Amino acid sequence: MYSNIKSTTLGVTCGVPQGSVLGPLLFIIYTNDLPCALCHSKCVLFADDTTIYYSSIDLNGVISKITSDLENLTDWFRANKLSLNISKTNYMLFSNNNIKVPDSMIKLRLANTKLNRVNNIKFLGIMIDDKLTWQKHIEYMRNKISSGLYALNKSKHTLEINHLKSIYYALIHSHLNYGLLLWGSSAKTFLHKIEIMQNKSIRIITNSKYNATAHPIYKLLHILPLNLLYKHQMGKLMYLHSKHLLPPPIQKLFITNQAVHAHNTRHLNDPHIAQHRTYKITSSFFHKAPEFWYKIPQYIKNCKSKNSFCTNLTKYLQSQQT
């Protein structure tokens, strides 16, 4: 009803009432066959956020394959009576730092509308740039952590340390920990900015001087600094891999030594450390996590549960602080 005028009643032939309990499940079922419409690309589906991707060393081949799949997607949306928000649909070209491809070489369209090329985009809470430097995400995080520092500063004179730690874990640690395996391998110059903010937060919690040495404060609060937090995440990942508890696509990222050779060594079931040519791979968790796994004491690896493993690994990493 609007201005005391009622519209005529119409029957609903398709759709789900907004806010219904079954709505999300029915939507997932409804869109579950979308990947079948793609002939060349792969896709990532998260609720109504859909991402398709394709990789090749041939740029013309990438454009041709993606164009073909975009046409297939247009047909799929039309057949399923779904509309696509073109204004929120963009594309990104990932390439080597030394390779620059002008926009004029790429003309991608969806439903007869030209798509905009972007250099960075927010994907499930993480800022991704086309060179995978993670610089944009760290800048994004700095803004988030600044809000947490403001909250700590305003509360430090009225709350006790345990309550200030709760604020830290809610407003700062949560951002540090989210997606750390991905961006934790970025350049030291970028990470240093985050480390400075984390150091500032623990000094606020303990009401220490602005130039107080950070390591004793981290030990006092039982908080891991960023570099050790990154190692903790890698260790947990490898523990879950050893127990075959990772999602299949991530589990398959790592292979064990027994898949490479048949020698009956004590590390037969440990992850294999492969040799890689590019710096981006050797500096990523894909390469560093198996390396770190070999440095973890055996008694920690033998823990029966994830919780006990994480607890013992935290204690071990704290003992390594200097």
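## Ground rules

This is a predicted model, with local features needing pLDDT of at least 70 and side-chain atom pairs counting only at pLDDT 80 or more, while totals for chains, interfaces and linings use all residues. Residues are numbered from 1 along each chain as its sequence is written, and side-chain values use heavy atoms, with hydrogens and water left out.

## The second largest pocket

The second largest pocket holds about 450 Å³ of space. A pocket here is an open set of points on a 1 Å grid over the protein atoms alone, where a 1.4 Å probe fits, with protein on both sides within 12 Å along at least five of seven lines. The volume is the space filled by probe spheres set on the points, which are joined across faces, edges and corners.

Its lining runs to 24 residues, with Asn227, Tyr230, Lys231, Met234 and Lys288 nearest the centre; lining residues have an atom within 4 Å of a point. H8 (226–242) is among the helices giving at least two residues each, and H8 contributes the largest share, six residues. Helices are DSSP runs of H or I with at least four residues, and strands are E runs of at least two, numbered from the N terminus. By class, the lining splits into twelve nonpolar, six polar and six charged residues (Ala, Val, Leu, Ile, Met, Phe, Trp, Tyr, Cys and Pro are nonpolar; Asp, Glu, Lys and Arg charged; the others, Gly among them, polar).

## H4 against H6

H4 (residues 161–177) packs with H6 at about 165°, axes 10 Å apart (axes are lines fitted to C-alpha atoms over the stretch in contact, and angles run from 0 to 180 degrees between N-to-C directions). The two helices are therefore roughly antiparallel, the label for angles over 145 degrees.

E1 (residues 42–46) and E2 (residues 49–53) pair antiparallel over five bridges; pairing takes at least two DSSP bridges. Leu45 sits opposite Thr50, and Ala47 in the turn has a positive phi of about 55°.

E7 (residues 120–123) and E8 (residues 126–129) run antiparallel too, joined by four bridges. Asn120 partners Asp129, and Leu124 in the turn has a positive phi of about 50°.

Key:
Parallel < 35°, antiparallel > 145°, perpendicular 65-115°, else oblique.
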